[in-house]
Amino acid sequence: MQVAQKMAVPQRRVVASRPARASLKVKAVAAVQKPSSSKAPASLTPEVAKDLYYDMVLGREFEEMCAQMYYRGKMFGFVHLYSGQEAVSTGVIRALRPDDYVCSTYRDHVHALSKGVTAREVMAELFGKKTGCCRGQGGSMHIFSSKANFLGGYAFIGEGIPVGLGAAFQSKYKKDVLGIESYDSVTCSFFGDGTCNVGQFYESLNMAALYKLPHIFVVENNKWAIGMNHPRATASTMGDDEPMIYKKGPAFGMPGVLVDGMDVLKVREVALEAIARARRGDGPTLIECETYRFRGHSLADPDELRSKEEKAHYAARDPIPRLRQQMIEWGLATEADIKALEKRVADEVEDCVKFADESPKPDKGQLLENVFADPRGFGIAPNGQYRYELPGFSSGTAAVS
Amino acid sequence: MFKSAATLTGHTMVEWMPCHVRVYELTSVAGTLARIVSQCRITMQARAFSAPRGVVAQRARAAPRAPTHNARGSLHVVASAKKKELFMWEGLREAIDEEMERDPTVCVMGEDVGHYGGSYKCTLGLYKKYGDMRVLDTPICENGFMGMGVGAAMTGLRPIVEGMNMGFLLLAFNQISNNCGMLHYTSGGQYKTPLVIRGPGGVGRQLGAEHSQRLESYFQSIPGVQLVAVSTPRNAKALLKAAIRSDNPIIFFEHVLLYNLKGEVGDRDEVQSLERAEVVRQGTDISIFTYSRMRYVVMQAVAELEKQGYNPEVIDLISLKPFDMETISQSVRKTRKVLIVEECMKTGGIGASLSAVISESLFNELDHEVVRLSSQDVPTAYAYELEAATIVQSSQVVEAVQKTCGARAVATA
């Protein structure tokens, strides 16, 4: 029996269309979603479609490899996997330019990959090696890349959003104050449903609208904040049965839109419009993506609270097979093309693991190297020299007070 | 409304009405200045001591001016043909103005820094010169705008973020600790956060517990930040310029009661090292380490101690983190006794860290245990007497020196 889900097709305008979220009473389903009968969007060229597909498959395979590596003792600590949410990362980030910025949370591996951080750099970082993008100093929750304009993963939810706002402020400053007319980079900040109760979210919504910053708020509403189901943590918006995060946008002075976060083309369509809006100087947008993580909150989460039915429902809406089907149906790619893309992903993931495995660990001397941009911050030693000038300082055992 | 301390040798110590009084009473800036001018006595005259180390461009020093007494109730400005004397708030404002002129990526963010001119006037009128975006009036959301400052700094700007009162920055602790302090490290050196986080702290005049906090002790453990405390108009301006130019995040402590302190300031090239302490008075008997407003409390005590035949060395730490161990250890080796006088609380204060460092690294140079005079571990009461009992007074400093150094013969000076 096919999934009895009616999905309202989003309108062309940036207006909310609401998937029937409330009706999750379907039984477990094995069959893949029936292909849509609509035509491909005009902007979807074969190149773009393949890029989207490759990016989603890379995200999925990378995360699944992380799970394997974690259980084999190659990475430690808190690792939060993104499997299932690829349509959001791919749909939004692949619509950006290299000089645009992305700011993420602790669930940041796939955002980083979509933005252009190499799989090698991320995997090596996860293995804690010095060839990692952050020299092994950040870890899973703190992926940064200045090359890719990836402003970081953040462990505390909400604390990345103002940082993303700062990048947007810098963009507007460059244009309005420094007079670089052509400068119109935008920033996207990603965060979850739980974050929408953090004060910084609201502080940022207000400032983004007040200063008309080129910033896009992307809420990945996967309905669960560790073990808190979204309606248990958040009051319903007035007149609704459940909380509607996108409705908080207009309250703060910006459009809010809800989109099916399991459909990469729909996410991309909404993202393109929000990005164009920001680039024009018309200000921020709040995009709520209804999505789902197939795995637990982190690899340490037993994931016992979510029902089998709910998981099956979303498994049937897996964005990757959906795009695959659409590409075939619309003649954007052949089976052979798709197989080739998947093989490339497999090779890339295998390569990045090999690279990370063979990479050296950080030297002890690295301990003090990046505490300060200006090492004079370590102060002056009794003999009058700045501490960082003392021999042995870089051995990582020098006294610093 | 204010009491003046005992007249020192030619210098009159004053207690100043905090600038924020104008919030309640006045509607115009001109009116504010007129009122403060009419009610302030002469401020502490800058003493011509030996140039603090690390001052990059030094002016030629004239001989100390003869001290003057001022007529009651009138501001008697000792005009100097050569040197410029400004209020500390003017010096800070000049530093910000000069640096904004010099570098177009320098900008200011904070509550009421723009049209209002800053609650302590440190950005007075700057928005007219630089526009609303470079002198950004933020909504009341410390954590939010501190984070916005971090993001702007990471992507190439150099924001000066003002806390209207340093205490309000408790709300920004998340951003200051996690992002400001740590990002350069967790990003493996890819991003830097060249922010200056500045504002007034310390105990004022009956401002109540929450407006009288000393956050230097709360922030000192954050890895990756430097802490600086200013005390004179000259070092305030020179240090703020250095802080703005620094690539590190600097937490810059001003004091509510020092904004109307008048003194010499340097020119646009004078920057002061953020890591060096200032020797305020050379001496031999005991090393008194202090910072911010307590410097004046100590100097008040010193006037009394000199009469009693003591010869204390007074060092203004300036850099609360990291400590200038060269100046500190040289002083301790000379005097072999240490007194720390600070305004933050005893528990976990700057003095606690300094005391530990001295005990560990200079143990054999000491003839006496390190003595700390700090604020009581109590919230600062509103009532004047209780407030005074919370913080260190000069009589306590005198007593501590007497106890540590022992009795002295009659003064030889």
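Across the interface of chain B and chain A, the rule finds zero salt bridges, a salt bridge being a side-chain nitrogen of Lys or Arg within 4 Å of a carboxyl oxygen of Asp or Glu. What the rule does find across this interface is 23 residue pairs in polar contact, both residues at pLDDT 80 or more. A polar contact is a pair of N or O atoms within 3.5 Å; within protein, one must be able to donate a hydrogen and the other to accept it, and residues adjacent in sequence count only if both atoms are side-chain atoms.

Please note that this is a predicted model, in which local features need pLDDT of at least 70 and side-chain atom pairs count only at pLDDT 80 or more, while totals for chains, interfaces and linings use all residues. Residues are numbered from 1 along each chain as its sequence is written, chains are lettered from A and ligands numbered from 1 in the order in which they are written, and side-chain values use heavy atoms, with hydrogens and water left out.

The side of chain B that touches chain A has, by class, 22 nonpolar, 22 polar and nine charged residues. Here Ala, Val, Leu, Ile, Met, Phe, Trp, Tyr, Cys and Pro count as nonpolar, Asp, Glu, Lys and Arg as charged, and the others, Gly among them, as polar.

As for extent, 53 residues of chain B and 56 residues of chain A take part in the contact, meaning heavy atoms within 4.5 Å. The two chains bury about 4200 Å² between them, 63% of it on carbon and sulfur atoms; buried area is the accessible area (1.4 Å probe) that two parts lose on being put together, summed over both.

I turn now to the backbone. A cis peptide bond joins B:K321 and B:P322, with omega about 5 degrees. B:P322 lies in the loop between β12 (319-321) and α11 of chain B; helices (H or I, at least four residues) and strands (E, at least two) are DSSP runs, numbered from the N terminus.

Which phi does A:R135 have, positive or negative? A:R135 is not a glycine, yet its phi is positive, about 60 degrees. This residue sits in the loop between α4 (119-126) and α5 (160-176) of chain A. A:R135 is partly exposed, at a relative accessible area of 23%, where buried means under 20%, exposed over 50%, and partly exposed in between (1.4 Å probe, protein chains only).

B:D112, also not a glycine, has a positive phi of about 65 degrees. B:D112 is found in the loop between β2 and α4 (126-130) of chain B, and is partly exposed, with a relative accessible area of 34%.
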